[in-house]
Amino acid sequence: MLACSSFYFCARFDTLHNVSAWVNAAMNRRQLFRSAGFGVLARAGLLPTASSTIRLENEDNLPKALSLEDYEPTSMLQVPETYVESARYPVIDIHTHISLSTKWTNGAPLAPDRRYLAPPQELLSVMNRKNIRSMVNLTGGYGQALAATVQKYDGSHHDRFYTFTEPSYSQLLEPNFPSLQAEAIEQAHRNGARGLKILKTLGLYLRENITSGRLITIDDPRFDSMWDTCGQLKMPVAIHISDPIAFFTPTDRFNERYEELNHHPDWSFYGHDFPSNAQLLEARNRVIARHPKTSFVVLHAGNCAENLQNVSENLGRFPNMHVDIAARIGELGRQPRTTRKFFDKYQDRILFATDATPHGDEYPQQVFNDKLYEIYFRFLETEDEYFDYAPAKIPPQGRWRIYGINLPDAVLSKVYYENAARLLRI
């Protein structure tokens, strides 16, 4: 009998065939070589000699290394699937991007001029099929470019499009920036803007010298007059100040969004001089508290979809706070019972949104097309189980699937249309 620290051979085997059968039953040959060591294997007669060799049976059938990005498993789950072709009630999508700035530097949009991603007729074709009553273009720009955007979409198709303005960060170094920004909001209102959009530029990219120096905090007093002006003009502020919590942790094997961050390393805010996710939320909360007459739509499920308890606490603290669900059904749908309770409780303050971007194929969780809207409708209107949250072969935000929350009609109509209509004074 042979003994070693890793395992025991407890019987005498007369043929290599029997040895092979035992080895295959206990562990594969690769594991055996690693755990036993060559000395033990030699004494056991399992290493080839001049007079004998071992033929590894079925060597060609051993598993081959597979790249994670090539892994596309097919679910064997057999559950009902519901196809929701169009929304049960008319929809206002309060979070889309039809136009973008033509110049970006270090995460800051520095040009008022717009790049239009799709003409109105192309958008209307999908909107009509999906029962989308209106789309809100959050990134409409400022100055004359804003006026042109409003005319191109809102003016030519009444009540189908609404446009928000943005801050003119290029004027930040002007000594009278606070008053300039307040005046810009007033002019944007006269030009037809329905609200103000704050990208995560403020808090994560904008710096004292615009693109260099110390990061400017969300609650910097230079923006107080801007928030106040929005309140006076009843223009809601759509504010995006943070990203998924995983973006603030190391991009390593423990990160549930490893693939996403590996493909987009510039999306990580871990380390350097970036504030933590908690610090960003606290700064945002100070702004909301300081400006109670201004309505804030905190985008992406309150920028904390992974922790709805946190979002609930903030909604309880701030009656002037609302949330949208843009690009976060992947988070909401993997906690369906918690999410359903959240919708029931805050049914008057949750807005339908997708973050839809025409021709944004690189980001399938927000590409504007029929399939994207069908997934959102399925999530909100059915109790289907374990389905994709984005029209993509590989889940783009994390390797999981979602479950429908089957909202009752009274709640669904508010989320789809009524809440946004009230906020936008439609």
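In this predicted model, I94, L138, F164, P236, V237, A238 and V297 form the lining of the largest cavity. Sorted by residue class, that lining consists of 7 nonpolar residues, with no polar and no charged ones. The volume of the largest cavity is about 30 Å³. When the whole structure is searched, 1 cavity of 30 Å³ or more is found.

Helix α4 spans residues 120-130, and its buried residues are P120, L123, L124, V126, M127 and K130. Viewed down the axis of α4, these buried residues fall within an arc of 165 degrees, so they line one face of the helix. The face turned away from that buried side carries Q121 and N128, which are exposed. What do the buried residues of α4 pack against? Their partners are the strands β8 (132-137) and β9 (161-163), together with the helices α5 (143-155) and α15. Just after α4, the backbone of N131 adopts a positive phi of about 65 degrees.

Is Q366 buried or exposed? Its relative accessibility is 15%, and buried means under 20%, so Q366 counts as buried. Leaving aside residues up to four places away in sequence, Q366 touches T354, D355, A356, T357 and L372.

Helix α12 covers residues 308-317, and L308, V311, S312, N314 and L315 are its buried residues. Seen down the axis of α12, they fall within an arc of 165 degrees, so one face of the helix is lined by them. On the other side of α12, the residues Q309, G316 and R317 are exposed. Which elements do the buried residues of α12 pack against? They pack against the helices α10 (277-290), α11 (299-303), α13 (329-332) and α14 (336-345), and also against the strand β13 (321-324).

Taken together, these regions may be traced in the model as follows. The buried face of α4 includes L123 and M127, while Q121 and N128 are exposed on the face turned away. For α12, V311 and L315 are among the buried residues, whereas R317 is one of the exposed residues on the other side.

Technical notes. Residues are numbered from 1 along each chain as its sequence is written. This is a predicted model: local features need pLDDT of at least 70, side-chain atom pairs count only at pLDDT 80 or more; totals for chains, interfaces and linings use all residues. Side-chain values use heavy atoms; hydrogens and water are left out. Buried means under 20% relative accessible area, exposed over 50%, partly exposed in between (1.4 Å probe, protein chains only). Helices (H or I, at least four residues) and strands (E, at least two) are DSSP runs, numbered from the N terminus. The arc is that of the directions from the helix axis to the C-beta atoms. Contact means heavy atoms within 4.5 Å. On a 1 Å grid over the protein atoms alone, a cavity is a set of points where a 1.4 Å probe fits but cannot get out, and a pocket is an open set with protein on both sides within 12 Å along at least five of seven lines; lining residues have an atom within 4 Å of a point. Grid points are joined across faces, edges and corners, and a volume is the space filled by probe spheres set on the points. Ala, Val, Leu, Ile, Met, Phe, Trp, Tyr, Cys and Pro count as nonpolar, Asp, Glu, Lys and Arg as charged, and the others, Gly among them, as polar.
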